[in-house]
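Work through the following exercises with the sequence and the model side by side. Try each task before reading its solution.

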Amino acid sequence: MKRLVTLSSLIVIAGLLLAACGGAATTAAPAPTEAPKPTEAPKPTEAPKPTEAPKPTEAPKPDLLSEIKKRGYIVVSTDPNYEPQSFLNTTGKRPADTKCPSDQLTSAEMQGFDVDTAVEIGKRLGVETCFATPTWDAITAGSWADKWDISVGSMTITKDRQKVLDFITPYYYTPAVIAAAKDAGIKTVDDLKGKAVCAGTSTTYETWLKGEDLGLPAASIYAKPPADVKVVTLETDQECAQAIASGRKDFVAYVTSETVVDSNIAAGVPVEKIGKPVYSEDLSVSIDKSHSLPIDSLVAELDKIVKDMHADGTLTNFSTKWFKADLTQAPTK
């Protein structure tokens, strides 16, 4: 009995111990679920950059050629007293519909080889040709202040002139000669030693008489000037012939283009040619480098026109008309 009691006691005690252990072991509460991160709001879509408006096309910069075509006429400087190259047409009447300004001459009021050449250039540019008549030294000096556009005045191409003017292909070539008054007793160039000889101001004729550098190729110069010559200058070399015709005696001869001397003799001026040509001139259209508008396109267009006029015989026809000879071919010595 005692043993059974004891065993029962042990069982009870063990049961109590087990109960005690069971009460202490509790089920662990589950870890709290993390709250979901808030969904990020979508970034706003960037507005597309506005398309840049196309830049307006820049208007072409004005140049002298476009200005001439816009106004409808070209102003050409030339000499009104240089027969047969250029001189007044006393029977010509100014057209009522001309675009030429009132202080300029129209093609109807001028005539000559240079005039025909200038008018043809205007036609090929699609414009009217008008004429200004400044002094020769003003033309060769450059800095025309935009008073005229080009010169078609039988200007010789020289190194000094090329510093201030642009030139194109020569449109004709002439020999320079000496003409003396018939009553002066001059028969050779040497007879002019120590004598007074006339030439136009700022011409190559004046330069040659003074023994200065002509600025021409050596092959174009055929003779030296007379020794100790006294140079008398007038506004143009044509005036030298006219002075002799009027009886002026302070010089006995003059130097100019052979075309001018031939014209003087044909007109009855009492002069005769002395010796052979002294040099040859390459004569060209010229354009002022200091013009306020760019001139490159005009220079290129004029050069093309003159070459075309050589090729199609236009210049030869003009030369034959006014000089009775073709002076449009470069001379050979």
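Helices (H or I, at least four residues) and strands (E, at least two) are DSSP runs, numbered from the N terminus. This is a predicted model, in which local features need pLDDT of at least 70 and side-chain atom pairs count only at pLDDT 80 or more, while totals for chains, interfaces and linings use all residues. Residues are numbered from 1 along each chain as its sequence is written, and side-chain values use heavy atoms, with hydrogens and water left out.

**Exercise 1.** Find the place of G268, and decide whether G268 is buried or exposed.

Solution. Begin with the chain: G268 sits in the loop between helix 8 (258–266) and strand 13. Next, recall the cut-offs, by which buried means under 20% relative accessible area, exposed over 50%, and partly exposed in between (1.4 Å probe, protein chains only). Because its relative accessibility is 57%, G268 counts as exposed. The phi of G268, which follows helix 8, is positive, near 95°. Finally, look across the fold: A245 is 23 residues away from G268 in sequence, and the two C-alpha atoms are 8.5 Å apart in space.

**Exercise 2.** Which residues of helix 8 are buried, and what covers them?

Solution. In helix 8 the buried residues are T259, V260, V261, S263 and N264. Their cover, judged by contact (heavy atoms within 4.5 Å), includes strand 2 (81–82), strand 9, helix 7 (237–245), strand 12 (253–257), strand 13 and helix 10.

**Exercise 3.** Describe how strand 13 pairs with strands 7, 8 and 9.

Solution. Two strands pair if DSSP finds at least two bridges between them. Strand 7 (residues 150–156) is antiparallel to strand 13 (residues 271–288), with three bridges, and here M155 stands opposite S284. Strand 8 (residues 165–167) also runs antiparallel to strand 13, again over three bridges, and F167 faces S286 across this pairing. Strand 9 (residues 172–181) is joined to strand 13 by nine bridges in the antiparallel sense, with I178 opposite I274.

**Exercise 4.** Which members of the largest nonpolar core touch the most other members?

Solution. A nonpolar core is a set of buried Ala, Val, Leu, Ile, Met, Phe, Trp, Tyr and Cys residues joined through side-chain atoms within 4.5 Å. The largest such core has 35 residues, and I150, V285 and L302 touch the most other members. Among the elements that each supply at least two residues of this core are strand 7, strand 13 and helix 9 (296–311). Leaving aside residues up to four places away in sequence, V285 touches several residues, including I121, I150, F167 and L302. In soluble globular proteins, nonpolar side chains tend to be buried together.

**Exercise 5.** How much space lies in the largest cavity, and which element gives the most to its lining?

Solution. On a 1 Å grid over the protein atoms alone, a cavity is a set of points where a 1.4 Å probe fits but cannot get out, and lining residues have an atom within 4 Å of a point. Grid points are joined across faces, edges and corners, and a volume is the space filled by probe spheres set on the points. The largest cavity holds about 180 Å³ of space. Of the 21 residues that line this cavity, Y82, W136, G153, S154 and D237 are the closest to its centre. Strand 7 gives the most to the lining, with four residues.

Methods:
On a 1 Å grid over the protein atoms alone, a cavity is a set of points where a 1.4 Å probe fits but cannot get out, and a pocket is an open set with protein on both sides within 12 Å along at least five of seven lines; lining residues have an atom within 4 Å of a point.
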